[in-house]
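Below is a short briefing on a ligand site and on strand pairing. Please read it alongside the sequence and the model.

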Amino acid sequence: MNQNQQQVVSRKRVTDHGEVFTAQREVNAMLDLVKQETERIDSRFLEPACGTGNFLAEVLERKLQVVQTRYHNCQLEYERYAVSAVSSIYGIDILEDNVIECRNRLFNIFSKQYDGLYKKAVKENCKSSIKYILDNNIICGDALTLKTVGDNPQPIIFPEWSPVNGSMIKRRDFTFHGLLEHEHIKGLPLFSDLGEDVFIPEPVKEHPLIHFLELGAK
Ligand SMILES: C[S@@+](CC[C@H](N)C(=O)[O-])C[C@H]1O[C@@H](n2cnc3c(N)ncnc32)[C@H](O)[C@@H]1O
């Protein structure tokens, strides 16, 4: 949230959807509790009621600061790591206007930095890839039913974007429901540093390898 944004848009939206945005100071204080993760470029963040993206925007700012510091001297490296930073950020909100604003906001954070660094050398296909990823990662859905919003609700799908051999991307799709299954059914953790068994979710779709600058051309 920028400093001038109100925390409440309307009383009706508060009543209907509990929409009260978090102020920047609290966002920073909370993210500082996991500071190291917010500065790890490919660290995954999911906010299941993301609003217009107050937390996700700050996470992206922090990750891109690291990308800029480390890779600004090589445009292709910068682009690869910026795509990695964006592609590991996920959000859900039940209100479509919030989802659209969140996607635009995250795109503009990237675009402002990218334009500032490379000016006339910026690549439109890189921007298209970022837009494409955001369209797939920031979803209009109900985080309680785990389904999309609309006339024909479908299970929420999250793509996993993994870099392969530098410039290629492997996309695998998972249902949100499937990712949460481990908590209810299998009793196994999703991650472990201790070497015990972990739950490995099954993708519902695997996509062919694609160059990271071609994602938006599909
Ligand atoms: C308290 S606001 C928080 C927004 C943002 N996380 C922040 O901290 O600024 C709650 C958000 O959850 C959304 N929301 C309410 N019910 C939801 C649901 N069942 N699934 C997904 N989003 C929901 C609202 O539209 C609203 O944007």
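Which pocket is the space taken by the ligand? That space is the second largest pocket, a pocket being an open set of points on a 1 Å grid over the protein atoms alone, where a 1.4 Å probe fits, with protein on both sides within 12 Å along at least five of seven lines.

This is a predicted model, in which local features need pLDDT of at least 70, side-chain atom pairs count only at pLDDT 80 or more, and totals for chains, interfaces and linings use all residues. Residues are numbered from 1 along each chain as its sequence is written, and side-chain values use heavy atoms, with hydrogens and water left out.

**Ligand shell**

**Polar atoms at the ligand**
- For Asp 142, a polar side-chain atom lies 2.9 Å from a nitrogen atom of the ligand.
- Of the 590 Å² of accessible area that the ligand has on its own, the protein covers 85% (Shrake-Rupley method, 1.4 Å probe).

**Strand 6 and its partners**
- Strand 6 (residues 168-175) pairs with strand 5 (residues 157-164) in the antiparallel sense over eight bridges; pairing requires at least two DSSP bridges.
- Pro 159 stands opposite Asp 173.
- Three residues separate these strands in their hairpin, where Asn 165 takes a positive phi near 50 degrees.
- Strand 6 also pairs with strand 7 (residues 205-206), antiparallel over two bridges, and Arg 172 stands opposite Glu 206 there.

Terms used. Polar contact = N/O pair within 3.5 Å; in protein donor to acceptor, adjacent residues only side chain to side chain. 1 Å grid on protein atoms, 1.4 Å probe; cavity = no way out; pocket = protein on both sides within 12 Å on 5 of 7 lines; lining within 4 Å. Sits in = over half its atoms within 2 Å of the grid points. Helix = DSSP H or I, 4+ residues; strand = E, 2+ residues; numbered from the N terminus.
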